[in-house]
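Here's a quick tour of one model, a few features at a time. Keep the viewer open and follow along.

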Amino acid sequence: MQRRTFIGGSAAILAGLSPSCGALAEQPAKLPVVGYLIPTAPLMASVATAFRQGLSDAGYFDGQNVSIENRWADGDYDRLPALAADLVGRKVDVIAAVGGISALAAKNATSTIPIVSVVGDPVAAGLASSLARPGGNLTGVSIMATKLVPKRLELISELVPQAGVTAVLVNPDNPGTEAMIRDLQEAARRKGLQLHILKASSESEIDAAFATLVHLRAGALLVGNDPFFFSRREALVAMASRHAVPAIYEWREFPELGGLISYGPSLTGVYRRLGIYVGKILKGAKPADLPVEQPTRFELVVNLKTAKALGLTIPPAILARADEVIE
């Protein structure tokens, strides 16, 4: 009698558990997580779309078979180590790091979680052993930031040959700044140009830098490579216009807003490649085995309307080389 009661009771318990067991079986598998580490505010819409396009090219769709966790520092680079540590603590599957400063924070936070980064020169920054064989847990896309800066200096001096002083705006908090300054000073020495370095890592310091630029009567401005400057592109373009100083930038998004000229790789193209690389990592590729990619094409964009407002005539040689002329 007792044995029958036991069996019956067990059957009742199992029957009572069966709905929840079925629900448990139907739960979707845990999605792989990509941690997105950004030193400034969230990425502009076109760049975020390009990254997701790269992920979809690799077969991953946000919210369907992959999840993205964003962490941004709003221009306060000192916050990046804690944000990187937070992503590591959440055990994300891969970290996508924007810029050398974010890549360095991520690299210091983990030696095991794969990191894919957009960075100027990962070898010079000590983030990779070589471009062909990065080694370790980091790979990505190099935007050749420091290598292209002397070319921008050449372009702005060709555009404004009468400039007595060319100001250069840099962010001292960027780990690539010192190398960029050295390359610029060497290029200026060879061309006999006079440079003045202006440093800014906050909005108030940008205001102060432009005040110094006016005091120096600088005839041209080169805006250095830095995510913070890109996040403040509208303000930088407006200030250059207000002070009537010809300026050259890294990305086409500046002349699209009214800046004079830019020279560099396609930003959306770079972030699409970043998404593709993240997809490769999610499929099992090792960062050490993925060569750091470099852009093969660079865009020269000129805003003719801005040139006219500044009283400048764009040399035919620059117009002939331009990928786009904004009128």
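Which strands does H3 lie across, and at about what angle does H3 run to E1?

## Ground rules

This is a predicted model, where local features need pLDDT of at least 70, side-chain atom pairs count only at pLDDT 80 or more, and totals for chains, interfaces and linings use all residues. Residues are numbered from 1 along each chain as its sequence is written, and side-chain values use heavy atoms, with hydrogens and water left out.

## The sheet and its helices

Back to that question: H3 lies across E1, E2 and E3 and runs at about 180 degrees to E1. Helix H2 (residues 45-57) also lies across strand E1 (33-38), E2 and E3, at about 150 degrees to E2. Helices (H or I, at least four residues) and strands (E, at least two) are DSSP runs, numbered from the N terminus. Angles run from 0 to 180 degrees between N-to-C directions, using axes fitted to C-alpha atoms, for helices over the stretch in contact.

The sheet itself is open, with 5 parallel-paired strands in the order E2-E1-E3-E4-E5. Its edges are strand E2 (67-72) and strand E5 (138-142), each pairing on one side only. On average, neighbouring strands are turned by 20 degrees against each other, direction ignored. Pairing takes at least two DSSP bridges between two strands; E3 and strand E4 (residues 115-119) have 4, in the parallel sense. Ala96 sits opposite Val116 in E4.

## H7 against H9

Helix H7 (residues 203-216) and helix H9 (residues 233-242) have axes that come within 11 Å and cross at roughly 20 degrees. That makes the two helices roughly parallel (angles under 35 degrees). H7 brings Ile206, Asp207 and Phe210 to the contact, and H9 brings Leu236, Met239 and Ala240; contact means heavy atoms within 4.5 Å.

## A buried arginine

Look for Arg152 in helix H5 (residues 145-159). Arg152 is buried at 0% relative accessible area, where buried means under 20% and exposed over 50%, with a 1.4 Å probe and protein chains only. Leaving aside residues up to four places away in sequence, Arg152 touches Ala145, Leu222, Asn225, Ile248, Tyr249, Glu250, Tyr263 and Gly264.

## Two positive phi values

Most residues other than glycine have a negative phi. Lys91 isn't a glycine, yet has a positive phi of about 60 degrees. Lys91 lies in the loop between helix H3 (80-89) and strand E3 (94-98) and is exposed at 67% relative accessibility.

Arg217 also has a positive phi, near 55 degrees. Arg217 is in the loop between H7 and strand E8 (220-223), exposed at 74%.

Conventions: Angles under 35 degrees count as roughly parallel, over 145 as roughly antiparallel, 65 to 115 as roughly perpendicular and the rest as oblique.
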